[in-house]
Amino acid sequence: MSRPVLGIICCTRQVGVEPAQAVMSRYVTAAMRHADCAALLVPAMPDLMTAEEVIDRLDGVLLTGSPSNVQPMLYGEAHGGDPPFDPGRDAMMAALVQAVLARGKPLFGICRGLQEINVALGGTLSRELRDHHAPDEVGFVEMFDHRHDVALTPGGLLARAHGRMALHVNSVHYQGIARLGDGLAVEAVASDGMVEAVSARIGAAPVLAVQWHPEWTADSDADAATFFHILGRALRGQHPETMP
């Protein structure tokens, strides 16, 4: 029996002297292993392909984290913002969100992916957050070890899936949700009130996105793996709302 196919968006990255379409392997590995799915990478090259060309070959879409930030003009700010930016990803992301929601397929996001979903649904972002990232001088691994607690929304999808009201999550972001996008419900908040996870059902499409990085510890942390278990159920048409 064939497994569902998850589309995972790429970033435009510089590898040596050449630009590359890339996804960090940890996202792909965690999704294929813990959601039990196949995966196809979707290039952030909207000048050469469209989301409509590929969306019917996919059972859902995952928007990953990235070093780049969403361009402020996409949420109504004409100036400012903190580079790097990835205009190709921004454009492909917006088209993928529209296409996947129109077809009632699952849309999931991690870190930048949460911010993208919020912006695509009319929300805005805050910048220069404190206490949501490690000091700039720490190493790469230590950056992902920066953690804090989040409170889960009573009766929400994550609270039901985890069977409790709080999680201890890693935190590697300099931007976050300011105004919530249309149709999104808050699934988790940090102690300072920052939204840390959202969900929705837009038409027939289930949506779930988290600000933390479950892919980082999915192989060793049952809480992190739960995000991908929910994704796997959604890809198979088993509504996330049915999680115990």
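The model you are looking at is predicted.

How many aromatic pairs does a search of the whole structure find? There are two. One of them joins Phe-108 and Phe-227 edge-to-face, with 5.6 Å from centre to centre and 70° between the planes. Phe-108 sits in strand 6 and Phe-227 in helix 7, so this pair ties together parts that lie 119 residues apart in sequence.

Phe-108 is buried as well, with a relative accessible area of 1%. Together, Phe-108, Phe-227 and Phe-228 form one aromatic cluster.

## The core around the rings

Now let's look at the surroundings. The largest nonpolar core holds 34 residues, and Phe-108, Phe-227 and Phe-228 are among those with the most contacts inside it, as are Leu-6 and Trp-212. Elements giving two or more residues to this core include strand 1 (5–9), helix 1 (25–34) and strand 6 (107–110). Helix 7 gives the most, with six residues.

Leaving aside residues up to four places away in sequence, Phe-227 touches several others, including Leu-62, Ile-110, Leu-208 and Pro-214. There is also a second, separate core of 29 residues, which includes Val-5, Val-42, Leu-96 and Ala-205.

Note on methods
Residues numbered from 1 in each chain as written. Predicted model: local features only at pLDDT ≥ 70, side-chain atom pairs only at ≥ 80, totals over all residues. Heavy atoms only, no water. Core = buried A, V, L, I, M, F, W, Y, C linked by side-chain atoms within 4.5 Å. Buried < 20%, exposed > 50% of the residue type's maximum accessible area, 1.4 Å probe, protein only. Helix = DSSP H or I, 4+ residues; strand = E, 2+ residues; numbered from the N terminus. Contact = heavy atoms within 4.5 Å. Phe/Tyr/Trp six-rings, centres within 6.5 Å; stacked < 30°, edge-to-face > 60°.
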